Amino acid sequence: MNFFSHYDYWVMLFLAMSGLFIVIARGNLIKKLVGLAILQTSVYLLYLTPGKIVGATAPIVDASFTVYSNPLPQVLILTAIVVGVATLALGLALVVRIREEYDSIEEDEILRLDLDPADDKREAKP
Amino acid sequence: MMIAVVALTRTRNLFAVVVLFGLYSFLTATVMVALDAVDVAMTEAAIGAGFSTVLLLGALHLCKSEEEKPAHKPWLPLAVTIGTGLVLVYGTWDLPPFSDATAPIHTHVAPRYLADGPRVTGVPNVVTTILASYRGFDTLGETVVVFTAGIGVIALLGRRRYVRRGKQ
């Protein structure tokens, strides 16, 4: 076991932790969604890297090849990508609705408006 | 790829964030080609880099494009993420090393799919074989999820037009 045998997992973990950091630390809702998407992408890599064998080819059966990479994780990740974009679309629709209601997509500002409704300019209007 | 993510974390202009995210998705697709996952790479390039970027730009058009300065220093989230990351790195020591052909993932169902799949279904691309035949119900469930998300988006954004029309 040498240092580089687990290097792929560490790259994946770095990406996952960056995504988590963006989700926790940044108040902007669109940026939070981008962070969530990065976290998702790192999980795709977590699934795909163990399926790879050095010297193998893509799993399309042909007489001139004998070693193929594992096709099962690829199928699961194909499903996950499409579901991921569906959740992203739903999240963005929610953000647009929040922006209409509060005129802001910053989490701190939304919380402040929730605590003190008198601040809300739209409430003041009849 | 890692540089793109770090730049993305530090940028406050949301337009730059979205463009960097598209760049990151393309780089991920390249890595997936290197990992022999050609179907996944194609999907990621089309959906992750193309469609997601369009969605984000559309949402950005409806919102402000500048992020505010964070109100407090991000030391606590940084500590939490680094702590979680270290625990997970510790966990990777028990995982099989990269490109180990004797790992459990390569010895259970995958050989059967590779050996029988093309003969049973007549499709040489094993990914398509599993997606459409062996795990067809998965794909049906995925379609249901996408359909539900579409209904949700229409319910959230369609209401707005209805209200606006009501005011006129």
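**Briefing: surface, cavities and salt bridges**

B:Ile82 counts as partly exposed because its relative accessibility is 49% (buried means under 20% relative accessible area, exposed over 50%, partly exposed in between, with a 1.4 Å probe and protein chains only). This is a predicted model, in which local features need pLDDT of at least 70 and side-chain atom pairs count only at pLDDT 80 or more, while totals for chains, interfaces and linings use all residues. Residues are numbered from 1 along each chain as its sequence is written, chains are lettered from A in the order in which they are written, and side-chain values use heavy atoms, with hydrogens and water left out.

**Chain B and its surface patch**
- Chain B has 8 helices and 0 strands (helices are DSSP runs of H or I with at least four residues, strands are runs of E with at least two, and both are numbered from the N terminus).
- Of its 168 residues, 32% count as buried.
- B:Ile82 lies in helix H4 (residues 75-92) of chain B.
- Together with B:Trp75, B:Leu78 and B:Leu86, B:Ile82 forms a nonpolar surface patch with about 440 Å² of accessible area.
- Such a patch joins nonpolar side chains (Val, Leu, Ile, Met, Phe, Trp, Tyr) within 5 Å, from residues with over 30% relative accessible area and no salt bridge.

**Cavities**
- There are 2 cavities of 30 Å³ or more in the structure (a cavity is a set of points on a 1 Å grid over the protein atoms alone where a 1.4 Å probe fits but cannot get out, and lining residues have an atom within 4 Å of a point).
- The largest cavity holds about 120 Å³ of space, and 14 residues line it.
- Nearest its centre lie A:Gln40, A:Tyr44, B:Phe21, B:Gly48 and B:Ser52.
- The second largest cavity has a volume of about 50 Å³, and its lining includes A:Tyr9, A:Pro50 and B:Phe98.

**Salt bridges**
- Over all chains there are 6 salt bridges (a side-chain nitrogen of Lys or Arg within 4 Å of a carboxyl oxygen of Asp or Glu).
- A:Arg97 pairs with A:Glu101, with the closest N and O atoms 3.4 Å apart.
- A:Arg97 is buried, with a relative accessible area of 18%, whereas A:Glu101 is partly exposed at 39%.
- A:Arg97, A:Glu100 and A:Glu101 are linked in a network of salt bridges.
- In chain B, B:Asp116 and B:Arg119 form a salt bridge at 3.5 Å between the closest N and O atoms.
- B:Asp116 and B:Arg119 are about one helical turn apart because they are 3 residues apart in helix H6 (residues 110-121) of chain B.

Technical notes. Patches are made of residues with over 30% relative accessible area and no salt bridge: like charges are joined within 9 Å, nonpolar side chains (Val, Leu, Ile, Met, Phe, Trp, Tyr) within 5 Å. Accessible areas come from the Shrake-Rupley method with a 1.4 Å probe; for residues, only the protein chains shown count as cover. On a 1 Å grid over the protein atoms alone, a cavity is a set of points where a 1.4 Å probe fits but cannot get out, and a pocket is an open set with protein on both sides within 12 Å along at least five of seven lines; lining residues have an atom within 4 Å of a point. Grid points are joined across faces, edges and corners, and a volume is the space filled by probe spheres set on the points.
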